Every structure is written in C-alpha cells, then in structure tokens.
Amino acid sequence: MINDVERILISEAQLAERIKELGAQITADYAGKEILAIGVLRGAVVFMADLTRAIKVPVAIDFMAVSSYGAGTDSSGVVRILKDLDENIEGRHLLIVEDIIDSGLTLTYLLENLKSRKPASIKLCTLLNKPERRKAEVQIDYNGFTVPDYFVVGYGLDFAEKYRNLPFIGILKPEVYK
Ligand code: XMP
Ligand code: MG
C-alpha cells in the first residue's frame, strides 16, 4: 500500500494540528448552539471522527452517501443519493463535513437538497480544497488545507476503495491509476 504513494502531502501531525484549530474555531462560532454534523460517506468518515472530538459544543452526527465518481478519478457531474439522512434536519444547525471539494458538483447538489428541508443554518467544513478543478462555485466556511491538482489518498480518501486507512494525505503514483 505504502509503495503506491509517491510522497506525503500532509503528515499525520499536520492533520492533527489543523483539526484542533478547526475544532476551536467551530466551537467559538457555535457557542450556545447544538450542531448536527453530516458526514458525506465514505471519504469524510476519518476526518469526521477526529473533527467532532475537537468540537466542544454538543454534536449529533448523521451520514449521507452520494455517488459522483464511481471507481474512476473524474467527476461525472451526476449526483445520486445512495443513503439519505436518518435525522429530521428542520430547524437544526447543519455542519456538512466533506473530505475534499474538487469540481464542487457534489456539494452544490447536496446543499440545494438540504436547504429545501428547512434547517436553521448550513455551513460546510472540508478537510481539503482543490480549487483548480472547480466547475461549480461553493462557499466553504471551514477549510483544512488547499491542495494542488493531484489525486490524493489517505485519511479517508480512497482510490477504488483502497488507501483510506493511511494516516496521512499522500499523492498516489500516476501509474497506479492510469
Ligand atoms: P466534486 O468533484 O463533486 O467531488 O467536488 C468531490 C468528491 O470527489 C472525490 N474526490 C477525490 N477522492 N482523491 C480522492 O480520493 C482525490 O484527489 C479526489 N478528488 C475528488 C471525493 O470523494 C469527494 O468527496
Ligand atoms: Mg467524498
């Protein structure tokens, strides 16, 4: 697994430090409120686990699964809900937790869908932001790291369901996915 990684882009220590900062910022912004964190399966699971524990106001969690990529590395632009929320979100403060915003197509669809269910507020927290490939403008409220246009894996992010359990964000060797 490690042999497929060309280099480490964000180390385990860098991830931990930045997530502590994000948690403190979110804690301050939501003082006196309760958050419903919505993780986008499956890539956001690892980030979600660490981020929610860095937040010191009450956090309920729920998950949604959407498809946009299949097993490849390019967005199809077609978004399908594979698993919907279990919670009723009306009147609640939603914090959407994503692994990476790339084209922005997935989040644009998701935000519109969630807004129609009348939450009190919606904010977006993404671990990674890859602005070079943006096709739809998305407002990011909390951004972990801005990354260049590489295909990255680890810390929840996969290629064909592999590498999610790497503890860092790494760049995959091009020959692995070409
Ligand atoms: P869009 O393009 O709609 O897609 O913003 C966001 C989703 O695409 C996946 N994605 C990646 N997954 N390494 C990955 O492992 C990457 O470099 C990458 N870029 C996009 C990811 O699932 C994200 O939620
Ligand atoms: Mg994802």
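The legends below describe close-up views of a predicted model.

**Figure 1. Confidence of the predicted model.** Mean pLDDT for the protein is 94. A pLDDT of 70 or more is reached by 95% of the residues. The model has an ipTM of 0.91 and a pTM of 0.93. Where pLDDT is low, predicted coordinates should not be read in detail.

**Figure 2. The open sheet of six strands.** The strand order is E4-E3-E2-E5-E6-E7, and the pairing is mixed. Strand E4 (80-83) and strand E7 (142-146) are the edge strands; each has a single partner strand, so one side of each lacks a neighbour in the sheet. From one strand to the next, the twist averages 30°. Strand E3 (residues 59-67) and E4 run antiparallel and are joined by three bridges. The bridge partner of Ala-65 is Lys-83 in E4. Helix H1 (residues 12-29) packs on this sheet, where it touches strand E6 (121-129) and E7. The direction of H1 makes about 160° with that of E7.

**Figure 3. The open sheet of three strands.** The order here is E1-E9-E8, with antiparallel pairing. Strand E1 (5-10) and strand E8 (152-153) lie at the edges with a single partner strand each, so one side of each is left without a neighbour in the sheet. E1 and strand E9 (residues 169-172) run antiparallel, joined by four bridges. Val-5 has Leu-172 of E9 as its bridge partner.

**Figure 4. The largest nonpolar core.** This core has 37 residues, of which Phe-47, Leu-95, Ile-96 and Val-97 touch the most other members. At least two residues each come from H1, E2, H2, E5, helix H3 (105-115), E6, E8 and E9. E5 gives the most, with six residues. Leaving out residues up to four places away in sequence, Ile-96 touches Ile-38, Val-40, Leu-110, Ile-122, Leu-124 and Cys-125.

**Figure 5. Helix H2 and its cover.** Helix H2 spans residues 45-53, and its residues Val-46, Phe-47, Met-48 and Leu-51 are buried. The cover over the buried residues of H2 includes H1, strand E2 (35-41), E3, strand E5 (93-101) and E6. Phe-47 is also among the residues that touch the most other members of the largest nonpolar core.

Figure 6. Thr-106, Leu-107 and Leu-110 are the buried residues of H3. They span an arc of only 85° around the axis, so they lie on the same side of H3. An α-helix has 3.6 residues a turn, so residues three or four places apart point the same way. The buried residues of H3 pack against E3, E5 and E6. One of them, Leu-110, is touched by Ile-96. Glu-112 and Lys-115 are exposed and sit on the face of H3 turned away from its buried side.

**Figure 7. Glu-21 in helix H1.** Glu-21 belongs to helix H1. Glu-21 has 12 other C-beta atoms within 10 Å, and is therefore exposed, the cut-off for exposed being 12 or fewer. Between the C-alpha atoms of Glu-21 and Arg-53 the separation is 12 Å, and the two residues are 32 residues apart along the chain.

Methods: Residues numbered from 1 in each chain as written. Chains lettered and ligands numbered in written order. Predicted model: local features only at pLDDT ≥ 70, side-chain atom pairs only at ≥ 80, totals over all residues. Pairing = 2+ DSSP bridges. Axes fitted to C-alpha atoms, helices over the stretch in contact; angles between N-to-C directions. Contact = placed C-beta atoms within 7 Å. pLDDT = per-residue confidence, 0-100. Buried ≥ 20, exposed ≤ 12 C-beta atoms within 10 Å, placed from the backbone. Core = buried A, V, L, I, M, F, W, Y, C linked by C-beta atoms within 7 Å. Arc of directions from axis to C-beta.
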